[in-house]
Amino acid sequence: MARTKFIIWSLVFFLWPVAVFSQVTGSLRGTVRDETGAVLAQARVGVQGTALRYETTTSAEGVYYFNLLPPGTYEVVAERSGFSSLTYSGVPLAVNQKVVLDFTLKIRELEETIEVDAAASDIEVARADISSRVNQRTIAALPLNGRNFEDLIALVPGAKPEPAASQASRVSIFGERGAAISFVVDGADNNDAVSGGPLQHFTQDSIQEFEVITTGQEAEFGRAQGGVANIITRSGGNQWTGSSFLFGRNDSLDSSNVKSQKVPRLHRRQWGLTAGGPIRHDAAFFFGSFEVLDEDRGVNIDRSRIPAFILSGIATPSSREDFTIGPRTEGFRGLFRIDHHVNQSHRLHGLFSRSRDDVSGEISSPIAGTIALPSAARTEKQESTALTLRETWSLNGDTFLETSFKWVDAQNGSNLERHNRLEPILLLLRTGFIQVGAPFGGKNRRDSQYAQFAQRLARYQLGRSGEHQLRFGWDWNRVGLSGFNEITNDVEYSAAFLNPNAAEIMRERFQQLGFAQSAARFFTLSANPGGNLSLDMHNHDLGFFLQDSWRIRPDVTLNLGLRYDYASLFDRDKDNFAPRAGLAWDVGGNHKTVVRLGWGLYYDRNLLAAAATVPELGGVFTRSAFDVALPRLGFDYTDSLIDLVITSGFPTPDGKRGPAENPSYVAFAEALRKNPFALYELLGINVTNLSAPPIITADNIQQFSGLTPQQAIERLEKTFPGTDWEFFDVPGGSLVGNRVLSFFPRGPLELTREISKFSEARTPWTRAFNIGVEQQLVKDLVLSVSYIHRRSRDLLTRRVVNLFDVRPGHPQFGRTVDGGPRINQVTYDGLINYDGLLLELRKQFSQWYGFHASYTGSRARDNLLTGNVGSTFSNNNHPELDYGPSNQSAPHIFVFKGIADLPWDFRLSSILTWRSGNAFNPRGITDQDGDGLVDQRDTSQSRNTFRTQPFFEVDFRVEKTWHLSEKHSLSVLAEAFNLTNRANVRNVNSVSGPAFGTPNNFFAGREIQLGIRYTFGNTRF
């Protein structure tokens, strides 16, 4: 009969017209016994929460079960004829928590009810995954730099924060890319399908709690190989509650951590409101929250590392480097939530949310080890609006159905307010590379629309084989993506690169010649048919899962699941079945020692950032082209980095030279080395000013030489056979000069054509195993030890797949094996190998304090050179050369966070972080594979063998509260971020030479923040 009912409800499940995504509710189960230990059948058990009450009776085995309960605090009562009733009050239930609460009823001698205050469970005995839960008290009390609760994710065991990284990759869990984390809010997907990371951001005060499942997640969590952040927002209740707050910082209270340098500018204000209460008592409630951020921040660059002539602006097109420019952020977060308990069978939830971030003056460079100056600042705009609806239907005491819908409209873009052509300049010096002029990446915009439907059917079933908590569900996600790119070009200057006095020589060149100097130019051209630069693509994700939490005996629970995912844009990949298995053994059955064992296969999502560069999938691709501009006919070309790499070869200790990238240009380079005016003489041009010879273009060469541009080209190519010359006009113009003489060391434009393709469709995946033990030492104090083993494969990368596999100097170097254009292909060549040991000691908040301490020791290796989605390789033909310690690796990480309530309503809290320094490589200064790009690292050395000094930071808060009345309070607080003012390194010089490894950019020094907060209703967490 039970099986027939389940089949019927399954049909209802499929036919129900709307469709939750992931587990945001919890469950409560237990056994009712008498004093002798005998189970009590037909005992009545009730659970009471805010406007919610359910009742059930125990089975023949004395077991009761409640599913899909919203997180909160409950009162649970058990009673049976002939026994005194027993009530547990204050039973906490967290997100995705499986609480076990057993009852022992005494024989009734009098009419009495026994009430007991319940404490939160120290250990979960039915889950095999490894997870960390952060409650509202912790979120509200800890000193979060920026009041971004998502930063707490970086503090969980196994996580490594990446504060310098982009939104999509701020945290790496167990060596995975940050983009591989899935963010779930109120059961609905909250992921940026383009680049990964959270799609929307929420205020710290709007979050009730969240859990981070770092590995071993059950089958209902899909499209995430790097962990799950499962977040729930606050709801209203029968009591009116609210708060208002203001936090502020000013550089007058701060300290500089760069020697002999002033404190960077800082003005920051963050303020907001929250309010919640009843719409209809015991039935409908609301909660609203918003927050506004206004920040103006200077940059923490060590200016002593930058030559004075660059600081003066002489090498910047605007003639000024304005160090008053720095990141300026204007942000908004807001939400409004309604919960309606229609009756005992139906609950409704609605959430409207909006977030916006406008960032200008963001200064960073995508080129490792490069210092970006203020003129290279970029802007970023992100905004999104979302609506989530969910209904929970209690079909009977054992079966529940959740149905959900979410809609999101999001826009983001870079440098959208720029009207002029973006032409970043890279100044290449042995003492470090410096970027000025403009940001890399150009102007682009991405508009996305999301629609999500999902359902989950949950059923509790008790039979001869044990207890089963069955869940079966499906979800469908549609993403539409549109937008555009604008092409850009960049210029690289590198005069006298190996000269010990190179900076002085470069200064003289800029004073004498301005920007019309010999330079390498990399420019982009549309590779789409017809030159189109618009983006238009759609993807549909469909997923199914079946999960069973099977309690085969009172102390052993098996978590068995199977998930399947399919993406329409990658429709050739149809075999993504992901089994999951876990075991939780409650040793001795006393809930004090639990052994956890888990194994699973986890598929990620194919992020659209890579697909959006493939025209055949609806993306837009800009191909790179390369020339060497000689506006003054190579007078200043000799010994530039381009000369050393391409035409002359680097000097060797024996007085000779290494191989040139293109031997056809050796004769040309030698001619200029002997006589800087060789090309002027070859073309018959008289030079009167020997320190600044004339600029020659296609428009004036006949005036200077009597030769037409074509005749001049013919003379050059006849004199230097095998070379390619042109008076080239870069599309959009170039500050080096228009229609100046250029040569093309990788062949003329028709030979450097490049197209973008997608390789065979696959999906990135991880196979993971974990084993560990969790032990309650004393009440509220738990120690856990876990071992993690993960192998990730088929990660999205990018490489040119049809180059000849030959060394520089070979006639086929840089040519394609088929004679056609270069095929720049999105591939699945990435891999990660991770093994880690986790030690964790946590004390739940009780008496007057609580803390959490963890240590992670790990070995993480991969071949993801940039660490991001679409990572490229040093050598396109040999991805294996980049295998080594991961960019995300940190062999040792220690984190401590704690809260203490002191007399007179003082509260202290702190976060302490220590971790191994970031890994880095010596930069490459040659092109070893002929793809037209200088290698990102020196491949003669093993990858990531160098590290910065360890990162260490202490954040601290002291807060004092005055209770103005029973329901009103006022708090003032002071926070110190980087209390010890440590100079934590953000960036180092990675160019081989005497300055290699020298820090040039730092994270902020000590910053002091003051705040005031008024609350009414629940005044203390």
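Two strands pair if DSSP finds at least two bridges between them. The legends below describe close-up views of a predicted model.

**View 1. Strands β13 and β16 within an open sheet.** Strand β13 (residues 182-185) runs parallel to strand β16 (residues 228-233), and four bridges join the two. Across this pairing, V184 faces N230 of β16. The open sheet around them has five strands in the order β10-β15-β16-β13-β14, and its pairing is mixed. Its edge strands, β10 (130-134) and β14 (188-189), each pair on one side only.

**View 2. The buried side of helix α10.** Helix α10 spans residues 709-719, and its residues A712, I713 and L716 are buried. These residues lie on the same side of α10, because they cover an arc of only 100 degrees around the axis. An α-helix has 3.6 residues a turn, so residues three or four places apart point the same way. The cover over the buried residues of α10 includes α8 (678-682), α9 (701-705), β36 (725-728) and β37 (740-743).

**View 3. A nonpolar surface patch.** At least two residues of the patch come from each of β39 (765-778), β40 (781-800) and β41 (822-846). Strand β39 gives the largest share, four residues. L837 belongs to strand β41 and is partly exposed, with a relative accessible area of 38%.

View 4. The side chains of E295 and R268 form a salt bridge, at 2.5 Å from N to O. Because E295 is in strand β19 (residues 284-297) and R268 in strand β18 (residues 266-280), the pair ties together parts that are 27 residues apart in sequence. Both E295 and R268 are buried.

View 5. D643 and R673 meet through their side chains in a salt bridge of 3.1 Å, N to O. The pair links distant parts of the chain, 30 residues apart, with D643 in helix α6 (residues 641-647) and R673 in helix α7 (residues 666-674). D643 is buried, at 1% relative accessible area, whereas R673 is partly exposed, at 31%.

View 6. In the salt bridge of E975 with R957, the closest N and O atoms are 2.8 Å apart. E975 lies in strand β49 (residues 968-977) and R957 in strand β48 (residues 951-963), so parts 18 residues apart in sequence are tied together. E975 is buried, at 2% relative accessibility, and R957 is buried with a relative accessible area of 2%.

Note on methods. Residues are numbered from 1 along each chain as its sequence is written. This is a predicted model: local features need pLDDT of at least 70, side-chain atom pairs count only at pLDDT 80 or more; totals for chains, interfaces and linings use all residues. Side-chain values use heavy atoms; hydrogens and water are left out. Buried means under 20% relative accessible area, exposed over 50%, partly exposed in between (1.4 Å probe, protein chains only). The arc is that of the directions from the helix axis to the C-beta atoms. Contact means heavy atoms within 4.5 Å. A salt bridge is a side-chain nitrogen of Lys or Arg within 4 Å of a carboxyl oxygen of Asp or Glu.
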